[in-house]
Amino acid sequence: MNKFNRSLIIIFIMLLFICVASYSASQLTNKTSALGMNGESFIALNDEALQGTVSHPDRQHYMFFKFTRNQKSHLENLRFKSGSAAVQVLLEKKKSLLPSKDKDPLYELGFLYDKDFKSETEMYSNLDRRPVIKGSWNDLTSSAVSLSLCIERDEKVPAGFFLYGEIPYSIKEATFAPGQIGWSKSFGASKAPLFAAGPLGLVVDASFSSVDFSEGSAIFAMQNSSSSLLPKIEISMEAIDDCGTWREQKSVDLKYGNESIKIRRAKNLPLMVIQTSSLWKPYGQLVFTNNAQMVKSVFLKANDSFLLPSKGRDVLHGLPTDLGLVMDWPMYNWRNKDFELYQWAEFPQVLVFDTADYKIQDKFFTRLSYFVEKVGYKGTFVSDDFIENNHGYNAHDYKADDLARFFSKAAEHRVTLNSYEELLKEILVANKMIIEESDGSYSAGVGAVISFSRESNEKLRLQLVSHESWHGIYFTNEKFRKFTESAYKNFPSKALKYLLAFWTNNPNLMYDVSDDYLVKNEFMAYLMQQSLDDVEKYYLDRTEIPYMQKAVPSLNSYVRSSNAYDFLEASMEFNDYAFKTWGLAAGRISLISRE
């Protein structure tokens, strides 16, 4: 054999070795990697994994890592506690490398399974096709990228993971994380973009204009039940100084399945929550149709487990949500057939009850309403028969100290409460709105409760949601109370007398107008419950009511002759304050709406 032929054979053998090494475990090292978690290193299955670097991708593109037995247990426990689990890695390419015009250099993350191993330390020579998350370095403006790959809900925990790269790259960290789907333009201390895929994998789209949540059901629940919850979508926004005006407010718009959703911008509320149980279909393609550049991140995540019904029966904690989605939330996704309980995402100290009908709402709140507010009844307890035959209000609002006083007095006087009132007490204690003391009494915690019902028609329901929500803010925000007090002092006396007359003569209200706190609270809410465009009409319509014409004819004439301008002017002041502070407006207490 001549020297030339020998050289060809040697070259052929070397090429064959490199090819096999790229897709097999013929170079298994079975040594501990520098990477690990909880003080225990991953098992490095090749030299590149041991070093955490692929420095010559023309010879070896892959890193293979195996989990220890303890790490697999940890991953399984994470999935049990969080409902989902993922492997998350941070990759960094060689910083001196420039984007290639002739090549699309890929990066890739995938799982290794028990079936890939002949034995504890030896893999089969080839990996079969499997879901991976992959993308091109050319599409990124950064030299680093974070990748997260979820484990399917009912599948076995993987044996390990592998990485692939077509240019020199390193793995900087690897960890286990709760499962999620989505992306972040800048994540963690590295400030690298993060792309999180479901168990079917993902081809990275670095345009940051959409995300596919269609495979969410492979990770999360299909419906709300006593043992499972649909997930939430969290959208984080870039900071903004100019939100526009209350009439033309800047927004991020999106399509989700067949639904169109608008997220209005506000300066101090960068993270928005959309519960998928509020949507007609929980899983689908999300596409940003306006101002996608304002979005920093969007993720489909599991809800906290404490939001599950307690003991499989009682709902004790509110689902975080913007109230714009509560209006027509599908009742088949309620966690309790009689009511749903929400936590106002922008004002988390406010709990929101939405009841199936007035009857259920009355069982929760009528006795409380007479005890707290109704003139002639304050401080007393009406009977169960009274509750059965009398309607308290179409909607309700209560602050923590009134709630504590009600349940303390009920315990002191041994008042037998109905099952809904007992559940209300349990909810308030669970949310630390009232604190149970050792002597059986209750002290005030922090927060407020508001309530409305699905039995109200759409127009009334919209007004009631707005009215009660402003009460919730008033109860829990001292600066807003001070602003209200200033506006109240400057309000024209004739207009104020007219408003007080309306409350005292309306047989359905029975407000105690000697209660200064109550009067100022209602003064604010009646000015903010409807849009500025409807304020004048609302108060002019009151002048058409016979009992108002009879009770205060001169004040009635004053309101008509002034075209209710006093009310409009005060509403404009409140509207301006609300928009500058929270991005809200008169008659609109939500930042998220269905279009």
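Student: How many disulfides does the count come to?

Tutor: This is a predicted model, where local features need pLDDT of at least 70, side-chain atom pairs count only at pLDDT 80 or more, and totals for chains, interfaces and linings use all residues. Residues are numbered from 1 along each chain as its sequence is written, and side-chain values use heavy atoms, without hydrogens and water. A disulfide is a pair of cysteine sulfur atoms within 2.5 Å. By this rule the count is zero.

Student: Is Cys150 buried or exposed?

Tutor: Buried means under 20% relative accessible area, exposed over 50%, and partly exposed in between, with a 1.4 Å probe and protein chains only. Cys150 has a relative accessibility of 1%, so Cys150 counts as buried.

Student: How is helix α4 oriented relative to α7?

Tutor: Helices are DSSP runs (H or I, at least four residues), and strands are runs of E (at least two), numbered from the N terminus. Axes are lines fitted to C-alpha atoms, for helices over the stretch in contact, and angles run from 0 to 180 degrees between N-to-C directions. Helix α4 (residues 358-372) and helix α7 (residues 419-430) pack at about 75°, with axes 8 Å apart. Angles under 35 degrees count as roughly parallel, over 145 as roughly antiparallel, 65 to 115 as roughly perpendicular and the rest as oblique, so α4 is to α7 roughly perpendicular.

Student: Where is Ser277, and is Ser277 buried or exposed?

Tutor: Ser277 lies in the loop between β18 (271-275) and β19 (285-290). The relative accessible area of Ser277 is 1%, so Ser277 is buried.
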